[in-house]
Amino acid sequence: MADDIATPEPAAEPTPSPEPRPDPQPPILRIENVVKTFGSFRAVDGVSLDIRAGEFFALLGPSGCGKTTLLRMLAGFETPDEGRILLSGEDIAQVLPHERPVNMMFQNYALFPHLNVRDNIAFGLRRAGMPRAEITTRVAEMVALVRLEGLEKRKPDQLSGGQKQRVALARSLARRPQVLLLDEPMAALDKKLRESTQFELMELQRRLGMTFIIVTHDQEEAMTVASRIGVMKAGKLEQVAVPRRLYEEPASRWVAQFVGDINLFEGEVTAREPHRLRVSTASAGELVAAQPVAPIDESKVAVAIRPEKIRLALRRPAGDAAAINCVEGIISDTSYLGGKTVYKIRLDGGAAIHAAQANTARLDADGYGLNQRVVAWFTPDDCVVLER
Amino acid sequence: MAAKSSRLSRFNVASLTLGLAFLYLPILILVIYSFNASRLVTVWGGWSLRWYHEFFNDRAMIDAAWMSLRVGATSATVATVLGTLAAVALSRGEGFRGRMLFSGMLYAPLVMPEVITGLSLLLLFVALEAERGFWTVTIAHTTLTMCFVAVVVQSRLVSLDRSLEEAAMDLGCDPVRAFVMVTLPLIAPAVLAGWMLAFTLSLDDLVIASFTTGPGSATLPIRIYSEVRLGVKPEINAICTLVIGLIAVVIVIASLASKLSSDRGESAAPL
């Protein structure tokens, strides 16, 4: 799904997407060299990150990568061992949770079971000493915002999962925090509901103009909702980029494999041309790839190509044979996924690759059969060269 | 449950009946004989409330009963506060050193023979030259019952979602307020059940009370025991029936409270 959203036709934009423009205003949140250890385990290991006001930022990573610990440090439930956290220029690293202008939506929602929907939403407003009349207005506003009208008197255990999620959202938004933190907010919802909720969340964020930071292990979710994504691995930020760059220009092999599906051809650089690298690979012979944006000095590299950027044909395409990459093999597996079909191809060199073909027509999409011999080809511009 | 009980075999029915009879027949006989009109405990002389009347006019016995109620209420209240705090500390501080030792020490009185607890407290009070009476018994009973409260409250706390308190802090409560506004209402039934348990334990304790009490401040069990040594009067049956009634009521309330607590616990548990 996210693949489709993040990558329209590869031919539409052959050049790498431009660097995001530097923002003139200072970041609302600045994380500087933050370290957090639990015993000898470095959960967060020197993370620096700027988050701009009004941004929808996603922290993406596998479980145990430190993303939740980082979020909990932003909320104040953990204190960094080193580094600073600046919110609107003020260091809040040692400020207690209840004194931070930041609110959090918890993964299991953490709704107070002894309070009804209205009192749950009003909880933070009452603690802030807001006048009674104002609380009533604000709660009504929040209830309308998340479409919970008529459920104000219900207790949390009388609500469905989706309704609980919306109460939790309303409760964390009610105090109008400078930054809203969301810890896996959709993990407990089923797939269909999750997708519609993702779009509602984006719409809400745009309408309120608030800064959202979401933690998720689901790359589709991160791609869908976030304007920028930080990928974390073992306590470190691997790459921070807009979803498109993350997918099309992964900074490392690990990011390339974590975000979406990718084929890798290990090899050695044999020639460096002005815009091209020639790489000799064991599994696919010589490949031509575009020079990466940041030049790679290593000679041992991997040429990476996304499955949907591989074209399939019965014979080699006509034209300049040196300008494209062709590999041949036998289809060993096919999975029909509706919108696309993924072919697993065993190359003559022994390696297996994935190629995805969009099913653009309803009737002629019989595609290729098992054990059929095919030519898989892709252009140098669609390749990414990664350090090994 | 219903399906299971309907398939009880004859053997099960017989053993259940015998077991229940063994437990409750003596109490039933005591209750019946408390309404006996006869002066002799073992001879039935017809129904009467005479011995209840006698009890309410027995100054010494009423004083002892009042003493027991005061000791019970005071020690149960103190034990509930201390036991709840201990349970909170134990269910939280995963990090603090010696937690295992602390919890072991807290629960040791559960299995400690009462004679030892009583004797050691007596030695302590003698060493401190404390005047023995209401306060020494109350302190001794607090020591005895605190661990029971801690067990009841802790079992509720471990099933409580930690992030509830974090959510309260996130929404502007300092840690103490978060505990009072969120955790306490959710564990209240368990705290109440703990109080009831402590109260009944204090009410029927004889051993520790006889070690730690002083002249002129006998609790009801001590008073009854000393009366019985001089010969059983039917009045004792009446008093015991009243105590049984009181304890039964308290236990029913306590078990209802803890059932309410665990029902809430299910809904409060994380998804």
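**Reading a two-chain predicted model**

Q: How many bridges join strand β15 to strand β19 of chain A?
A: Strands pair if DSSP finds at least two bridges between them. Here β15 (residues 311-313) and β19 (residues 373-378) of chain A run antiparallel and are joined by 3 bridges. Within this pairing, Ala313(A) has Val375(A) as its bridge partner. The element names follow DSSP runs numbered from the N terminus, with helices (H or I) of at least four residues and strands (E) of at least two.

Q: What kind of model is this, and how are its residues numbered?
A: The model is predicted, and local features need pLDDT of at least 70, side-chain atom pairs count only at pLDDT 80 or more, while totals for chains, interfaces and linings use all residues. Residues are numbered from 1 along each chain as its sequence is written, and chains are lettered from A and ligands numbered from 1 in the order in which they are written.

Q: Which other strand of chain A pairs with β19(A) over 6 bridges?
A: Strand β16 (residues 325-336) of chain A does so, in the antiparallel sense. In that pairing, Asn325(A) has Phe378(A) as its bridge partner.

Q: What is the strand order of the open sheet in chain A, and which strands stand at its edges?
A: The open sheet has 4 strands in the order β2-β1-β4-β5, with antiparallel pairing. Strands β2 (41-51) and β5 (90-91) of chain A are at the edges; each has a single partner strand, so one side of each lacks a neighbour in the sheet. The partner of β2(A) is β1 (residues 29-38), paired antiparallel over 8 bridges, and Leu29(A) stands opposite Ile51(A).

Q: Which helix lies across β1, β2 and β4 of chain A?
A: An angle between elements runs from 0 to 180 degrees between N-to-C directions, using lines fitted to C-alpha atoms, for helices over the stretch in contact. Helix α2 (residues 67-75) of chain A lies across those strands, at about 65 degrees to β2(A).

Q: How is chain A divided as a whole?
A: Domain bounds come from an automatic or database assignment. For chain A this gives domain 1 (2-14 + 22-101 + 177-253) and domain 2 (261-387), with C-alpha centres 32 Å apart. The chain contains 9 helices and 20 strands.

Q: How many residues of chain B are in contact with chain A?
A: Contact requires C-beta atoms, placed from the backbone, to lie within 7 Å. By this rule, 19 residues of chain B are in contact with 19 residues of chain A. On the chain B side, α8 (162-170), α9 (175-203) and α12 (234-268) each give two or more residues, and α8(B) provides the largest share, 6 residues. That side divides into 11 nonpolar, 3 polar and 5 charged residues, where Ala, Val, Leu, Ile, Met, Phe, Trp, Tyr, Cys and Pro count as nonpolar, Asp, Glu, Lys and Arg as charged, and the others, Gly among them, as polar.

Q: Which residues of chain B does UniProt list under "transmembrane region"?
A: UniProt positions use the numbering adopted here, feature names are shortened, and annotations may be inferred rather than shown by experiment. The unreviewed entry lists residues 12-35, 71-90, 102-128, 134-157, 178-198 and 236-257 of chain B. Residues 236-257 of chain B are 100% helix, with end C-alpha atoms 31 Å apart.

Terms used. Two residues are in contact if their C-beta atoms, placed from the backbone, lie within 7 Å.
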